[in-house]
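Please view the sequence and structure below first.

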Amino acid sequence: MRRGTFVIGIDFGTDSVRAVVADARNGELAGASVAPYPRWAQGLYCDARAHRFRQHPLDYLHAMEASIRAALGQAGSDIAANVRGIAVDTTGSTPVLADAKGRPLALCPRFEEDPDAMFILWKDHTAVAEAARINSVARTWGGVDYTKYEGGVYSSEWFWAKVLHVIETNPAVARAAVTVLEHCDWIPAVLTGTDDLRQIRRSRCAAGHKAMWHPEFDGYPSNEFLATLNPRLPALKATLGSQTWTADVPFGTISPGWAATLGVPDDAVVAVGAFDAHVGAVGGNIQPNRLLKVMGTSTCDMLVVPKTGAPEVLVAGICGQVDGSILPGAVGYEAGQSAFGDVFAWFKQLLSWPLLAILPALPGAGHSLRTTLADVTLADAAIERIIPELERAAAEIPPARSSVLALDWLNGRRTPDADQRLKGAIVGLDLGTDAPRIYRALVEGIAFGSRAIVERFRSEGLRIDGIIGVGGVARKSPLTMQVLSDVLDMTVEVRAGEQPVALGAAMFAATAAGLHATVEDAQRAMSPGTEARYLPDATRARLYDALYRDYVALGSFVERELTQ
């Protein structure tokens, strides 16, 4: 084994942290581990009814340490001693208000139980009204429309809307805040021991896609624009600097404390952070003009277009376009759906209610329903079978124009044209409708949502030649992938590998550490390849053309009724 060929990729997901130890020569994993967020698992600091989803910074620190140590434990001390680079990705936009040293306010004693002092998770939709104000001001204030590179529609899921909501609703947190940090910027600062705000290398991916940063603006929106929204914003903006960095660039070297804690060399390079979907696109070996869908609880859809010297194509209604946010030297376009795997999770929870609410209360249930082998209740076992059995039964149902139709906006609409006020819908129900038919309609609904994204890109002049799928849903649901191929009338390739996003982080770590000259070189050396291809069926594709028109009509009706 050649000295110094190993890197660590750390992927902060919605529910847990995944860490992999990878050989930069070939991408082979020497160790991998997942650690859940303990407070998040208990449902603390969240209120789904109010669309509030917050995560405590200690969850990130504790789970990160546990996952890295476990992955390195699998790899062995000889490999740990040969780690050259570390890179992280996170969900986003997931900002936190922080003090003058970049410390999240929830780590201060007076704010340790205040959700507004914690990280505001990507799926938090408490800032719908603030996003609407940002959009209104951007169009009416008389200056530059700073949303132009954000798809022209600013979302409640993004940086400034969330900051604006907290500082206007929580005066104590607003007074204590000196700066704002994205999760993907805070973790590299922690690992390198950086507590000087001027030394924090802010992610171009995060700033460009979610905070309206662009070279044309010499950085972030002007003080005049931000002050129109709230007079506190210019002071917070001043701490961000005006420069951003791509994720192939070193943030710094690991601090002595973290090097000792993890058992890695004290000269290991820590890369600039980025968002999970963009890093996952690299881990999924994204190619120009191929739409890569990171399919998890939601989707993020990534497209890279090499720079040619021609004017940059502005695409309306997406989640931003940023030079270098995915691959340096190419414009990265982001779109996505606010609910994807979450749609299936919701349906599973809905069907599980009788098992969870009724069976445990039956006389003697506590004893008779418990198996002696695995200490798992029969109810738990049944719940785990719900989605696989629905998948099997739904795959046998042929699509039909008169079947159930579902609208996939159960968590609002991200793309095209973000609007978190919108809701999902299921129509066409009758007394013959059963659970597998509803499940199939949900699968078709999320595929129709994907088609709306593809059609928006194409209508704005960008070419899409095929689909790449990565993530849990892509590998676990053949029905979803086949329906997606039929609805889009395109080949869908599913990339191999258990942890494509964490592997993408490892590719960036290898590049930042100098083990590969470019991200593309790292992809060629470390990508695991393709494990499945789904080809469209011409007959089903024609049928889905008609059903898609019904989907569009249903969406127009729901949007009109909810927003008038």
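The model is predicted: local features need pLDDT of at least 70, side-chain atom pairs count only at pLDDT 80 or more, and totals for chains, interfaces and linings use all residues. Residues are numbered from 1 along each chain as its sequence is written, and side-chain values use heavy atoms, with hydrogens and water left out.

**Helix pair**
- The axes of helix H13 (residues 341–357) and helix H16 (residues 435–459) come within 10 Å and cross at roughly 160°.
- Axes are lines fitted to C-alpha atoms, for helices over the stretch in contact, with angles from 0 to 180 degrees between N-to-C directions.
- H13 and H16 are therefore roughly antiparallel (an angle over 145 degrees).
- Where they meet (contact means heavy atoms within 4.5 Å), H13 supplies Val-343, Phe-344, Trp-346, Phe-347 and Leu-351, and H16 supplies Ala-435, Ile-438, Tyr-439, Leu-442, Val-443 and Ile-446.
- The contact of H13 with H16 has 11 nonpolar residues, no polar and no charged ones.

**Second largest pocket**
- The second largest pocket holds about 320 Å³ of space.
- Its lining has 23 residues, with Trp-409, Arg-413, Pro-416, Ala-452 and Tyr-548 nearest the centre.
- A pocket is an open set of points on a 1 Å grid where a 1.4 Å probe fits, with protein on both sides within 12 Å along at least five of seven lines; lining residues have an atom within 4 Å of a point.
- Strand S15 (330–337), H16 and helix H21 (538–563) each supply at least two lining residues, and H21 gives the most, with 6.
- By class, the lining divides into 8 nonpolar, 8 polar and 7 charged residues.

Technical notes:
Helices (H or I, at least four residues) and strands (E, at least two) are DSSP runs, numbered from the N terminus. Angles under 35 degrees count as roughly parallel, over 145 as roughly antiparallel, 65 to 115 as roughly perpendicular and the rest as oblique. Ala, Val, Leu, Ile, Met, Phe, Trp, Tyr, Cys and Pro count as nonpolar, Asp, Glu, Lys and Arg as charged, and the others, Gly among them, as polar. Grid points are joined across faces, edges and corners, and a volume is the space filled by probe spheres set on the points.
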